[in-house]
Amino acid sequence: MVIPGVYAPQEDTALLAVALSEEPFPPGAAVLDVGTGTGALALAAARRGGRVTAVDVSRRTVCNARLNAARAGLRVRVRRGNLFDPVRGESFDPILANPPYVPAPGGTCPPRGAARAWDAGHDGRMALDRICEEVPPYCGPRGYCSWCNLRSAIRSGP
């Protein structure tokens with residue numbers, strides 16, 4: 001379900017859900033979905049037995065993700081906040097993200113509204129670069145990030 005004012009999941013979300021279904025993680029693994037939107041990826045992880053935390057900056061999307069989890073009968077902890085702020089000090093295996101990646105002519109992300117879900121600044125990397133920069137402390141011993149390809153760096157150490 002997508003409530004008014006929330007960006008509807010697109011094909012990229014479906015592709016990430018398929019990739020998640022092929023990715024091994026043990027039942028009960030702590031999963032983080034950063035920028036959850038409607039909660040589609042969080043729900044996919046919860047269906048696989050993950051202990052899921054979903055985070056989004058938008059009040060409307062947090063409400064939408066909670067509604068979708070309740071409708072599906074799945075336990076998903078949904079928190080409002082910017083990227084990793086609501087989960088400081090926690091670790092996860094895996095970390096999912098489907099951040100905005102569409103370059104926008106203005107070069108600045110809008111402070112609110114549906115465009116915030118796709119507008120990624122002048123080069124399309126505004127959110128992605130922040131996620132990849134901030135993610136390492138949140139990756140557990142088996143952790144990885146769906147976008148940042150950190151798996152090998154985490155396993156091999158600094």
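Q: What does H2 lie across, and at what angle does H2 run to E2?
A: H2 lies across E1, E2, E3 and E4. H2 runs at about 175 degrees to E2. Axes are lines fitted to C-alpha atoms, for helices over the stretch in contact, and angles go from 0 to 180 degrees between N-to-C directions. The model is predicted: local features need pLDDT of at least 70, side-chain atom pairs count only at pLDDT 80 or more, and totals for chains, interfaces and linings use all residues. Residues are numbered from 1 along each chain as its sequence is written, and side-chain values use heavy atoms, with hydrogens and water left out.

Q: What makes a run of residues a helix or a strand?
A: DSSP decides: helices are runs of H or I with at least four residues, strands are runs of E with at least two, and both are numbered from the N terminus. The protein chain has 5 helices and 4 strands. Along the sequence they read α-β-α-β-α-β-β-α-α.

Q: Why is H2 called mostly covered?
A: Of its 8 residues, 6 are buried. Buried means under 20% relative accessible area, exposed over 50%, and partly exposed in between (1.4 Å probe, protein chains only). The buried residues are Leu 41, Ala 42, Leu 43, Ala 44, Ala 45 and Ala 46. They pack against H1, E1, E2, H3, E3 and E4. Contact here means heavy atoms within 4.5 Å.

Q: What makes residues of the H1 contact with H2 nonpolar, polar or charged?
A: Residue type does. Ala, Val, Leu, Ile, Met, Phe, Trp, Tyr, Cys and Pro count as nonpolar; Asp, Glu, Lys and Arg as charged; the others, Gly among them, as polar. The contact of H1 with H2 divides into 7 nonpolar, 1 polar and no charged.

Q: How do you know that E1 and E2 pair?
A: Two strands pair if DSSP finds at least two bridges between them. E1 (residues 30-34) and E2 (residues 51-56) have 5 bridges, in the parallel sense. Leu 32 stands opposite Thr 53, and Val 31 opposite Val 52.

Q: What makes E3 and E4 stand at the edges?
A: The open sheet of 4 strands has the order E3-E2-E1-E4, with parallel pairing. E3 (76-80) and E4 (95-97) each have a single partner strand, so one side of each lacks a neighbour in the sheet. The twist averages 20 degrees from one strand to the next.

Q: Why is E1 called mostly covered?
A: Its count is 5 buried residues of 5. Ala 30, Leu 32 and Val 34 point one way, Val 31 and Asp 33 the other. In a regular strand, side chains alternate between the two faces of the sheet.

Q: Is Ala 65 buried or exposed?
A: Ala 65 has 4% relative accessibility, so it counts as buried. Ala 65 lies in H3 (residues 59-72). Beyond four places in sequence, Ala 65 touches Thr 36, Gly 37, Thr 38, Gly 39 and Val 78. The C-alpha atoms of Ala 65 and Val 78 are 7.1 Å apart.
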